[in-house]
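Please read the report below alongside the sequence and the 3D view. It goes through a few parts of one protein chain in turn.

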Amino acid sequence: MESTIIERSLEKYGLNNVKAHWNLDEETLQKLTLEQGLGVETENGTLAVNTGKFTGRSPKDRFLVKDDYTKDKVWWGRINKPISSENFDRLYDEVTKYLSNKEVYARDAAVCADPKYQLNVRTITEYPWSNYFIKNMFLRLNEEELAGFEEDWLVLCAPGYEAPNPESFGIRKGNFSILNFTKKIALVGGSAYTGEMKKGIFSALNLILPVEKNVLPMHCSANIGKNGDTAIFFGLSGTGKTTLSADPNRKLIGDDEHGWTAENTIFNFEGGCYAKAIDLTEEKEPDIFRAIKPGALLENIVFKEGTKEVDYFDSTITQNTRVSYPIDHIDAIAKPSYGKNPKNIFFLTCDAFGVLPPVSKLTPGQAAYHFISGYTAKVAGTEAGVTEPIPSFSACFGEPFMPLHPTKYAEMLSEKMIEAGVNVWLINTGWSGGSYGVGSRIKLKYTRAMISSILEGELEKVEYEQHPIFGLYMPKYCKGVPTEILDPMNTWLQKGAYISKSIQLAHSFHLNFDKFINLASDEIMHGGPLIDAHQILDHHL
C-alpha cells in the first residue's frame, strides 16, 4: 500500500514524467522486486538480491563538492576527493534525465534518533529493493510525520546510470558517490551496492554534526545496561563490533553509527542494522541469524544447490555478503534508540600478530592516539594477495567516512571522555600465543568475560602492569579468563620473538601516525608506543 502524502510531484528535482511510488511497505516492495526479476525469496520468505558488479563500496569513486562551505572545513586528500560545483550540477542533470520517464521509488524517512538532532531525508531510487534497504536502515516515520514532511537532505540513487567520458565530469570511472553540502544532496550513480547510500548520509552527518551541532559522530555500536549505563564499541570490520554489543543482559542502541551530544546522550543514527552474513551461524550470532526473516534484505548470498536454503559459508559472489533488517528484528533493544551516562568505551582490534594484550586500560592520551590510529590487522585470505598478517589503520575506526581531519574527532572524544568520566579499554579479539598461523584466536567466551567484568566494575578493583613497548595498562586478574593470557608475552614460547614482533608492530604505528603529527597535541603523541629497542631488550632479556 502507499501512504497518503501531500507532495507527490518530483519535478522540482528535475525528474519529469516519472511514475513515483511513495513510501511502499515491505510486502509491496518485495512483490515488485520479484515481479521485475530483480530478486528471489529464500526458503523462509526473506528477499535476496544481487547488487551486480559492485558488492562493496567504491571509496576511490567518492567525492565531495568543493565550494565555499567545504573548502576550509574538509580534510582534502586521498579520502576526501574534490569535485567542482559545475561538474556536480552536470552529473545531477544527467542522472535526472536518465530517471525521467521511468518508474521510481520515493521514501521519506529520518536519521538521528534523538529528536533534537533529527534530520529528514528523502530518498529516490531506481530499484524497488534499494528503497526496501532505506526502509530498513533509516528511521521510519508515522503518518502524521509523513504528512508534514520537508526534507533536509535528498538521496538520489540511479545504479543503471554510468557517466560517459567520466574524466570530463572530473571523476574516475562511470560510477560515483558524491556529497553536495550546499545543496544537501547525496548522488549515487553506477553502483547498486546499497551501502553507498547509507555511508553517504553517515559521511554527511560526520561533517554537519561536529561543525554545526557540537555532536561527536562515531562509527561504533552501543548498548545500555539495566542501571542506565551506556557502553560504546568502536571497531573495524571483523573485530566483533556487532557481536560484542549484542549482550542478553543489555539493550542494543545500535550496531554501527552514533552521535555523542553535549548533554552526554548517545543516539543511534539509524533504524536498522546492516550486518555481514559470511560464515553466519545461529550458534555464533543468534540475534543476527534470527533477524533474517521477512522484512530483512539479503545481498549477494548463494543458495545450497537445488534449494532455496542460504549457504552462508559460500563466498562465490563476495566475502562481503550482507543483510539489512529493521532494528526491531532484535529482541533486546533500547526504545527509543538512545541512552545517557556513557561509562565505558571499547576499542576493538583483531591483532593477527599476537602482540597486543587481550584487554588493557587506556589513559586519555592513549585513547586519543589509538582512536586516531584505528588499528586492526588483515589476515591471509581476507583480500586477494594477502598471504600473511598486515597492519591496517583507519583513522577514528571509520576514515573513509570522515570529512574532517581525524584529530578534530579525537579532540572531541577526549573532551567528552574527561567530562563524562569514561573509562576507555583496548580489546584484542585477535591472536594469542603467536601470530596468525602459529598462535590461536582468543576465545570469544574470554572476550565476553573481560567485557562483563569491565561493565560490572570488577576491573576497577585489580592491579595493573604496564606493557613495556606499547605502554598499555594490563590487568593482572580478570574473572573467567586464564591469568597467563593477560600479558601476551607469557603466551609466546620465545620471549625474544615476541619482543621483536612487538617492536615491528610499534614501528608500523609510528609510521602510520606520521601524517597526523603536525596537528596532534603532546598528550596524544605521548599516547603511542614507547619503542626504544635497547631499553626494552635490556629490561626483558
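Predicted model: local features only at pLDDT ≥ 70, side-chain atom pairs only at ≥ 80, totals over all residues.

## A five-stranded sheet

Five strands make up an open sheet, and their order across it is β2-β3-β17-β18-β16. The pairing in this sheet is mixed. β2 (40–41) and β16 (272–276) are the edge strands; each has a single partner strand, so one side of each has no neighbour in the sheet.

The partner of β16 is β18 (residues 322–326), and the two are antiparallel, with five bridges between them.

## A first set of annotated residues

The UniProt record, an unreviewed entry, gives the feature "binding site" at Arg57, Tyr193, Lys199 and Arg322. These residues are spread over 266 residues of sequence, yet they cluster in space, with a largest C-alpha distance of 14.5 Å. From this set, Arg57 and Lys199 belong to the lining of the largest cavity.

Arginine 57 sits in the loop between β3 and β4 (62–65). Is arginine 57 buried or partly exposed? Its relative accessible area is 30%, so arginine 57 is partly exposed. Apart from neighbours within four places in sequence, arginine 57 contacts Tyr193, Gly195, Glu196, Lys199, Pro400 and Phe401. Tyrosine 193 is in the loop between β10 (185–189) and α5 (195–213). With a relative accessible area of 5%, tyrosine 193 is buried. When residues up to four places away in sequence are not counted, the residues that tyrosine 193 touches include Arg57, Tyr274 and Arg322.

## A second set of annotated residues

UniProt also lists Lys199, His219 and Asp256 for "binding site", again in an unreviewed entry. They span 58 residues of sequence but cluster in space, and the largest C-alpha distance is 10.5 Å. Of these residues, Lys199 is included in the lining of the largest cavity.

Histidine 219 belongs to strand β11 (residues 216–224). At 9% relative accessibility, histidine 219 counts as buried, because the cut-off is under 20%. Which residues does histidine 219 touch, not counting those up to four places away in sequence? Among them are Lys199 and Asp256, together with Phe397 and Phe401.

## Aromatic rings

A search of the whole structure gives 30 aromatic pairs. One of these is formed by phenylalanine 371 and phenylalanine 397, with ring centres 6.4 Å apart and 50° between the planes, a tilted arrangement. Phenylalanine 371 is in helix α8 (residues 364–373), while phenylalanine 397 is in the loop between β23 (390–393) and α9 (406–420), 26 residues apart.

Phenylalanine 393 and phenylalanine 509 form an edge-to-face pair, at 5.1 Å centre to centre and 85° between the planes. Phenylalanine 393 is in strand β23 and phenylalanine 509 in helix α11 (residues 495–513), so this pair ties together parts that are 116 residues apart in sequence. Phenylalanine 393 and phenylalanine 509 are both buried. They also belong to one aromatic cluster, whose members include Trp75, Tyr369 and Phe470.

## A covered strand and an enclosed helix

Strand β24 (residues 423–428) is mostly covered, with five of its six residues buried. Strand β20 (residues 342–349) runs parallel to β24 and is joined to it by six bridges. In this pairing, threonine 349 has asparagine 428 as its bridge partner. Strand β21 (residues 359–362) pairs with β24 in the antiparallel sense, over four bridges. There, serine 360 stands opposite leucine 426.

Why is α8 described as largely enclosed by the rest of the structure? Nine of its 10 residues are buried, so α8 is largely enclosed. Among the buried residues of α8 are Tyr369 and Phe371; Phe371 is the residue paired with phenylalanine 397, and Tyr369 is one of the members of the aromatic cluster. After α8 comes glycine 374, whose phi is positive, near 55°.

Definitions and conventions:
Residues numbered from 1 in each chain as written. Heavy atoms only, no water. Pairing = 2+ DSSP bridges. UniProt positions renumbered as here; feature names shortened; annotations may be inferred. 1 Å grid on protein atoms, 1.4 Å probe; cavity = no way out; pocket = protein on both sides within 12 Å on 5 of 7 lines; lining within 4 Å. Buried < 20%, exposed > 50% of the residue type's maximum accessible area, 1.4 Å probe, protein only. Contact = heavy atoms within 4.5 Å. Phe/Tyr/Trp six-rings, centres within 6.5 Å; stacked < 30°, edge-to-face > 60°.
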